[in-house]
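Here is a short note to read beside the model. Please keep the structure open and check each point as you go.

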Amino acid sequence: LNDSKKKLDFENEEREKDIIKPSKYTPSDNETEKLIGVPRAHLSGCELDSVKSYMLNKLINHAGTISYLSRMLDVSVSTINGWVLRKAISKKGAIIVSFNDNLNRTFTPLLLRPDLTLSDIDKYTKQVKTQIDIDVNK
């Protein structure tokens, strides 16, 4: 009985060696800089996550602090902290940045979120424009 159990354990270990496990490779900052502006279709999942995280850090550094960025974009600090925890700006947040005169030339929605589709851009642009109209009419 013990011999057959050892044989099964050995066979299971051998099978596990044959299973290809997904790579946990994360590009370095230098490699990520080269990926900025590359279309989504040409990026792997890890590369996409790396670009989103890198661009969010670059946006925060450009603004100076999280609290100053929240004032620039008129969003709460907890919203931006959520982006930092997720290591990516939200899709709506990327559109909000594009409406800010100080940031829109440097940070386009597709640079911040390469995974945005045209329908996403249309959807969130309408939401942001509606919010701006409401704020202006107050």
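1. **Terms and ground rules.** Helices (H or I, at least four residues) and strands (E, at least two) are DSSP runs, numbered from the N terminus. The model is predicted, so local features need pLDDT of at least 70, side-chain atom pairs count only at pLDDT 80 or more, and totals for chains, interfaces and linings use all residues. Residues are numbered from 1 along each chain as its sequence is written, and side-chain values use heavy atoms, leaving out hydrogens and water.

2. **Confidence.** pLDDT is the predictor's confidence in each residue, from 0 to 100. Its mean over the protein is 79, and 76% of residues reach 70 or more. Helix α1 (residues 2–18) has the lowest confidence, with a mean of 53. Helix α5 has the highest, at 94. Read residues 15–23 with care: pLDDT stays under 50 there. For that stretch the model has 1 contact beyond four places in sequence. Contact means heavy atoms within 4.5 Å.

3. **Overall build.** The protein has 8 helices and 0 strands. From the N terminus on, the order is α-α-α-α-α-α-α-α. Take the contacts between residues at least 6 apart in sequence: 53% of them join residues at least 24 apart.

4. **Surface.** Buried means under 20% relative accessible area, exposed means over 50%, and partly exposed lies in between (1.4 Å probe, protein chains only). Of the 138 residues, 31% count as buried. The accessible surface comes to about 9,600 Å². Carbon and sulfur atoms hold 52% of that surface. These areas come from the Shrake-Rupley method with a 1.4 Å probe, and for residues only the protein chains shown count as cover.

5. **The α4 and α5 pair.** Two packed helices are described by the angle between their axes and the distance between the axes. Here α4 (residues 66–73) and α5 (residues 77–86) pack at about 115°, with axes 9 Å apart. Axes are lines fitted to C-alpha atoms, for helices over the stretch in contact, and angles run from 0 to 180 degrees between N-to-C directions. The crossing is right-handed. That label applies if the near helix is turned clockwise from the far one by less than a right angle; anticlockwise is left-handed.

6. **Who meets whom.** From α4, the residues are Ile66, Ser67, Leu69, Ser70 and Leu73. They meet Val77, Ile80, Asn81, Trp83 and Val84 of α5. By class, this contact has 7 nonpolar, 3 polar and no charged residues. Ala, Val, Leu, Ile, Met, Phe, Trp, Tyr, Cys and Pro count as nonpolar; Asp, Glu, Lys and Arg as charged; the others, Gly among them, as polar.

7. **Val84.** Val84 sits in α5 and is partly exposed, at 33% relative accessibility. Leaving aside neighbours within four places in sequence, Val84 contacts Leu56, Ile60 and Ile66. Leu56 and Val84 are 28 residues apart in sequence, yet 7.6 Å apart in space, C-alpha to C-alpha.

8. **Two positive phi values.** Most residues other than glycine have a negative phi. Check Asp74: its phi is near 60°. Asp74 lies in the loop between α4 and α5 and is exposed, at 62% relative accessible area. Lys87 also has phi near 60°. Lys87 is in the loop between α5 and α6 (91–98), exposed at 54%.

9. **Asn100.** Is Asn100 buried or exposed? Asn100 is buried, with a relative accessible area of 10%. Its place is in the loop between α6 and α7 (109–112). Not counting residues up to four places away in sequence, Asn100 touches Met72 and Leu73.
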